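Here is a short briefing for a first look at this structure. Please keep the sequence and the model in view while reading.

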Amino acid sequence: MKKKLLPLVISCVLASSLTSGLSVAKPALSNTSNSSSVSKEIWQDDRQAMDTFINELMAKMTLKEKIGQLDLQAGKGQLTGSYRNKNYAKQIKAGHLGAIFNTTGAKQTRMLQEIAVEETRLGIPLLFGYDTIHGFKTIFPLSLGEAASWDLEAIEKSARVSARESAAAGLHWTFAPMVDISRDPRWGRISEGAGEDVYLGNQVALARVKGFQGDDLSKPDTVMATAKHFAVYGAAEGGRDYNSTDVSERSLRSLYLPPFKALVDAGVATIMTAFNDLNGVPATGNDYLLNDILRDEWGFEGFVVTDYTAVEEMVDHGFAKDSKHAAELALNAGADMDMVGQNYFKHLEASVKEGKVSIETIDKSVRRILAMKYRLGLFEDPYRYSNEANEKRETLSKENLAAARDVARKSMVLLKNDNQTLPLAADLTSIALIGPLADSKADMIGSWAGRGDRKKQPVTVLEGLQAKLGDKVKINYAKGASYNYKGNTNKGFGAAMVAAKKSDVIVAVMGESEKMTGEASSRTSLTLPGNQLALLRELKKLRKPIVLVLMNGRPLNLNWADEKADAILETWYAGTMGGHAIADVLVGDYNPSGKLPMSFPRNVGQIPVYHSMKNTGRPFSEDLTGGARNYSSRYENLENTPLYAFGHGLSYTQFDYSDIELSSDTMTETSTIEAKVKVTNSGNYDGEEVVQLYIQDLVGSVTRPVKELKGFEKLMIKKGETKEVSFTISADDLAFYRRDMSYGAEAGEFKLYIGTASDNTQSASFSLTGS
Ligand code: NOJ
């Protein structure tokens, strides 16, 4: 791991057209935002040539052909909603279809492309899209798991491999990354994002888009990325998928929009609208989000696709009176392409005639879509992605599988490890491997796993351990329990107890079914589902060491395990090579280095619980001097803190932090401060550590979080070695939406924290002065 400071990109991430700050609670510094520093060079076109080409093409297009470009149809094989149109071949032949998704494979895409290019009047090539989320055929760990690696190189590599495999299967476009920040583990789609934090979320999003789009979109091994779901999908009330959202302008700008803005600045090709309504207006018909913010304020030049049937769902929202009205609302709001529902295709001709939609509006959307086809090089060679030889070479290649194993190991988080239970002792003679997930191929690759095989390819934990340990260690396997919500019996407990009794250690592989995570998979409880916990309680009676290996797509309630298990390893769903990667970690061939991208609550009642909370006017205290009742902001029956904090993650080795050394304890709007810390590996293993930087603004014109992540660095420190990590802090890192909604820092006192987790840090203080 190279020892390099990660760029503190907060200024370019949050930059927007804002006025200079007003002095409210304390002197405001002038606006510290600057324009994007990340280039859009990935769209390496000669704009003039492109415009001329598109003008000439559009001059020949009929209205129906133009509207056809705005239509996206689902091919066979994979459905994510309730609609399906099998007749798209006819529509392609008529020159009335712009894009297809869920049809994959070099041969199949080539066949359809031939119809579009050779059998239609204008020969406009199709776009082929797909949900390559955490892998196409070679499946990498679940997206939330990858975020837990805090390893941006690894995350970019995963996206790069996924792009190459997808592109080799004829695809031009992935519907990823999902960049919805969420603080609600009940929400099933928490598994698809990067967790609770804006800073980490931005970095992960950028790494993913870099991996997907590469440095040149016209290269046939890159795919267009999609920043989704725009916007605020992750704030669904009660964590119930598709539910309404209601957030203030300040939360919108500070929490939910930054990853989208970062990706627009980085040149993301497309944006997908969200299903939810935001403050009463469905995102898919939200002129404020799509036209005002995305295009006018941020200058987004790619195109916007709706989510699956989200246009006509505005009728169910009670926002449009019928699908024609919905089509008009969506297009006029700035949604260029209609996914699946064919509302544009069916109604927009009439809407134009009636003057409900202008031809200029249609032309703008068509132009945006044609521009991306041009940038992909499809007008030069429409078949450049559909290459069977390349597909064969790329799919599930040795290198891709090795990359998947590597990223999987990096994603795992060691939550607890009493008495160095892990790594498993080298002189073990037997392991009881127990649990419904210990040998489940179908679950191993998790939800939204592309075209990943669920029957043969995934390596289970049983297979991984067998491959690693051979005959040296006897593995006594028993499924024992079930993760199903209903219909469980405890019949399997007997076999599990027998296996455990004859073994030195119990490794219980438990968690959620992969079907409990992802879209439409919200839960009201975070406990281990089914009778898994009941089995763990039985196993505990044997007084043998218990290692709990978790597979799940969200923070779980782990109170029992935290008290009674000896070690807990969070592995998310580790992907095609998961079993090998888990075995690597269990035996100590890889020293775990992941950190939680989300706080793990003690129970559902604590939600939302996250590290960047506000202090309140009655900060939490145990002080009872005010009388028998404690009037601080707290629960009567439970502490405020999560069970495992954001940023938490143990290692087999021990990292000791020195005090923080600041280059100065004051800074100005234009100067910077260096914050240095020395980290010593004082344990017995080489290991990687994620050094985390948090900052607190003590007094603001609006109340400020108790701690905000502002930087991190992941680095390898060999045993016995000390490394110095240094962060550079500038006024940009202290910027926020001030009382008047201008963006910038305010002079005053700050606290800085550096450490191994959000709840385990050293601190120092500094001030920012106005000049
Ligand atoms: C619905 C999901 O919300 C979205 O994320 C996905 O890309 C589309 N279906 C297409 O599969």
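## Domains and ligand

The centres of domain 2 and domain 4, taken over C-alpha atoms, are 27 Å apart. This is a predicted model, in which local features need pLDDT of at least 70, side-chain atom pairs count only at pLDDT 80 or more, and totals for chains, interfaces and linings use all residues. Residues are numbered from 1 along each chain as its sequence is written, and side-chain values use heavy atoms, with hydrogens and water left out.

**Domain layout**

- The protein is assigned domain 1 (45–130 + 322–380), domain 2 (172–305), domain 3 (403–587) and domain 4 (655–768).
- These bounds come from an automatic or database domain assignment.

**Where domain 2 meets domain 4**

- In domain 2, 8 residues are in contact with 9 residues of domain 4 (contact means heavy atoms within 4.5 Å).
- The two domains bury about 700 Å² between them, and 69% of it is on carbon and sulfur atoms.
- On the domain 2 side, Tyr199, Arg250 and Arg253 lose the most area to domain 4, together 71% of what that side buries.
- Buried area is the accessible area (1.4 Å probe) that two parts lose on being put together, summed over both.

**Around the ligand**

- The ligand has 14 residues around it, and Asp131, Arg189, Lys228, His229 and Asp307 come nearest (a residue is near if one of its heavy atoms lies within 4 Å).
- Domain 1 and domain 2 each supply at least three residues to this shell.
- A polar side-chain atom of Asp131 lies 2.4 Å from a ligand oxygen atom.
- For Asp307, a side-chain N or O atom is 2.5 Å from an oxygen atom of the ligand.

Note on methods: A polar contact is a pair of N or O atoms within 3.5 Å; within protein, one must be able to donate a hydrogen and the other to accept it, and residues adjacent in sequence count only if both atoms are side-chain atoms.
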